Amino acid sequence: MWGTLGTLACLMAAVFATTAPAQAAPASASAPVSVQAAAAEPPSVWPKPAKIVHVPNAAAITCESGNLCIAAYDATKGDYVVYYLYYCTTYDLSNFVGNGSYRNQQTGGATARFYGQSGNLLTSVPAGGSSNSYNWNPVWSIRNC
């Protein structure tokens, strides 16, 4: 009887030893994310901006008074998408890659602030002026007021 229990214990140990590593990491954990797959997603802003338009050239964006307007290239449409950030809040950016532009037409002297992945301040943008070219790669969020 002790021999049978010993054999059963050894078999159980062998089963657990061979299945544990396979359960430790899901199959998707080893699949790399390609740059091309990320580029296939359009840029987006959350929460939803007051207005969104598409233009052929980011440098020529118009921006209505009271808004911070930001433009990013949309590879899915082959043009630039312009987001009008009117409501005072922090906006999270997704798929903002490469160069685009911004224009701060807010009133009351509102300064917009661009933040990096860790919440670090990248730049402050005072109201007024014309469209400015900007590299969106390090920007993860914007507080427009």
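1. C145 is partly exposed, with a relative accessibility of 29%. In this predicted model, C145 forms a disulfide with C88, the two sulfur atoms lying 1.7 Å apart. The link of C88 and C145 is right-handed, with 75° about the S-S bond. C88 belongs to the loop between strand 4 (79–85) and strand 5 (90–94), while C145 belongs to the segment after strand 10 (141–143), so the bond ties together parts that are 57 residues apart in sequence.

2. When the bonded cysteines of the protein chain are numbered in sequence order, the pairing reads 1-2, 3-4.

3. N144 deserves a separate remark. This residue is found in the segment after strand 10 and is buried, its relative accessible area being 0%. The side chain of N144 reaches the backbone oxygen of L85 at 3.2 Å. Leaving aside residues up to four places away in sequence, N144 touches L85, Y86, Y87, C88 and T89, among others. The list of its contacts also includes L68, Y91, Q106 and A110.

4. As to overall composition, the protein chain has two helices and 10 strands. Read from the N terminus, the order of elements is α-α-β-β-β-β-β-β-β-β-β-β. Of the 145 residues in the protein chain, 28% are buried. Among contacts between residues at least 6 apart in sequence, 67% join residues at least 24 apart.

5. Five strands form an open sheet in the order 2-4-3-6-9, and their pairing is antiparallel. Strand 2 (51–55) and strand 9 (132–135) are the edge strands, each of which pairs on one side only. On average, and with direction ignored, neighbouring strands of this sheet are turned by 30° against each other. Within the sheet, strand 3 and strand 6 (residues 99–104) run antiparallel and are joined by four bridges. A71 stands opposite S101 in strand 6.

6. Which residues have the most contacts inside the largest nonpolar core? They are I70, F114, W136 and I142, in a core of 18 residues. Strand 3 (68–74), strand 4, strand 5 and strand 7 (112–115) are the elements that give two or more residues to this core. Apart from it lies another core, which has seven residues, including V55, C63, V82 and Y84. In soluble globular proteins, nonpolar side chains tend to be buried together.

Conventions. Residues numbered from 1 in each chain as written. Predicted model: local features only at pLDDT ≥ 70, side-chain atom pairs only at ≥ 80, totals over all residues. Heavy atoms only, no water. Disulfide = S-S within 2.5 Å. Buried < 20%, exposed > 50% of the residue type's maximum accessible area, 1.4 Å probe, protein only. Core = buried A, V, L, I, M, F, W, Y, C linked by side-chain atoms within 4.5 Å. Polar contact = N/O pair within 3.5 Å; in protein donor to acceptor, adjacent residues only side chain to side chain. Contact = heavy atoms within 4.5 Å. Pairing = 2+ DSSP bridges. Axes fitted to C-alpha atoms, helices over the stretch in contact; angles between N-to-C directions.
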